[in-house]
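Colleague: I would like to go through this model one feature at a time. Please give the rule first and then the case.

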Amino acid sequence: MQSVYAMHQSGSDSVEKQEKFLQYSLENIVDLYLIMLSSLVEIRKKEIDYINLAQKKHLATPEERNPNLRFINNPVLLALDESNSLSIALEKRKINNWQANDDTILMLLQDIKQSELYQKYMVKKAVTFEEERFFIADMFSELIAPNEKLYSYLEDFKLTWVDDIPVVNTQILKQLKKMTDDADSFRVPAIYKDEEDKDFASALFRKTVLNDSELAKEFIDKTPNWDLERIAELDTIILKMAICEFLKFPSVPMKVTINEYLELAKEYSTPKSSLFINGILDNIVKDLQANNRVNKTGRGLI
């Protein structure tokens with residue numbers, strides 16, 4: 001949607017250039033994922049450094065000489081630190097953001113240690129693996145993911161990540177909650193399920209852009225009380241993309257298409273856009289079905 005919108009705004013006719021940027025943006029979601037996930041590893045390392053330095057102090061307190069090691073021995077953090085899958089991915093994509101910006105990690109560690117969540121966790125007499133896992137999941141969702149300074153750093157580092165951050169954080173949280181006490185239970189997921197999934201974004205972008213006039217004709221007569229110029233540009237793009245999925249993507253169920261684009265309208269367009277778009281798409285679906293113009297196959301039938 002943003003790529004189609006960018007082409008409309010710039011007046012560019014270079015489909016290849018915008019498609020390359022689209023693919024670049026999608027691939028960079030992996031970097032964002034690895035940066036967010038590696039923050040957990042780096043936070044643990046900083047706490048180890050702090051403990052080692054405190055123990056060597058000339059006037060170390062009893063607590064500093066015999067520190068509580070529960071946090072750095074957390075099995076989930078250990079599993080992430082020892083994960084070959086994660087280490088290989090970080091090396092392959094040259095992710096070293098926190099080595100160059102350790103002040104962000106130190107800030108996160110300080111916030112964590114001052115939190116009630118951390119204090120309660122550290123004073124428990126004993127903890128099960130489930131409690132260890134839930135602590136890390138809660139720490140990530142409550143203290144790391146919503147941190148404004150971290151968000152600002154990521155936004156400044158790459159503007160295209162603004163809309164990707166919630167998606168990435170949701171994926172990480174899902175994985176953290178599913179980790180087991182098996183040392184190899186964590187794997188960095190592939191960004192695409194298969195080749196069809198990989199090609200979908202480019203195909204949707206191209207078919208929407210290259211069939212712009214044809215797709216517009218499908219809803220012009222469905223908006224009798226609206227001049228085309230009065231419809232928000234983003235709404236016309238959302239309508240064209242949805243109609244494109246109806247007509248040119250047989251494996252995508254029509255209900256799924258409608259729900260997805262209504263969510264986009266709620267998130268990015270005007271307050272009344274979702275109602276307007278829902279009404280138009282509903283009429284278009286009825287018209288397409290009445291004239292046998294849709295040919296859904298496989299999962300598209302559901």
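Colleague: Is Arg 293 buried, partly exposed or exposed, and at what relative accessibility?

Modeller: First, the basis: this is a predicted model, where local features need pLDDT of at least 70, side-chain atom pairs count only at pLDDT 80 or more, and totals for chains, interfaces and linings use all residues. Residues are numbered from 1 along each chain as its sequence is written, and side-chain values use heavy atoms, with hydrogens and water left out. Buried means under 20% relative accessible area, exposed over 50%, and partly exposed in between, with a 1.4 Å probe and protein chains only. Arg 293 has 38% relative accessibility and so counts as partly exposed.

Colleague: Which residue forms a salt bridge with Arg 293?

Modeller: A salt bridge is a side-chain nitrogen of Lys or Arg within 4 Å of a carboxyl oxygen of Asp or Glu. Arg 293 pairs with Glu 218, with 2.7 Å between the closest N and O atoms. This pair links distant parts of the chain, 75 residues apart: Glu 218 is in helix H13 (residues 212-220) and Arg 293 in the segment after helix H16 (273-290). Helices here are DSSP runs (H or I, at least four residues), numbered from the N terminus. Glu 218 counts as buried, at 12%.

Colleague: How many residues apart are Lys 266 and Glu 263?

Modeller: They are three residues apart in helix H15 (residues 254-268), and therefore about one helical turn separates them. Lys 266 is exposed at 56%, whereas Glu 263 is partly exposed at 48%. By the salt-bridge rule the count comes to 16.

Colleague: What lines the second largest pocket?

Modeller: Rolling a probe the size of a water molecule over the atoms shows where empty space is left. On a 1 Å grid over the protein atoms alone, a pocket is an open set of points where a 1.4 Å probe fits, with protein on both sides within 12 Å along at least five of seven lines; lining residues have an atom within 4 Å of a point. The lining includes Glu 47, Tyr 50, Lys 113 and Met 122. Helix H2 (15-55), helix H3 (62-65) and helix H8 (116-123) each give two or more residues to this lining, and H2 gives the most, with four.
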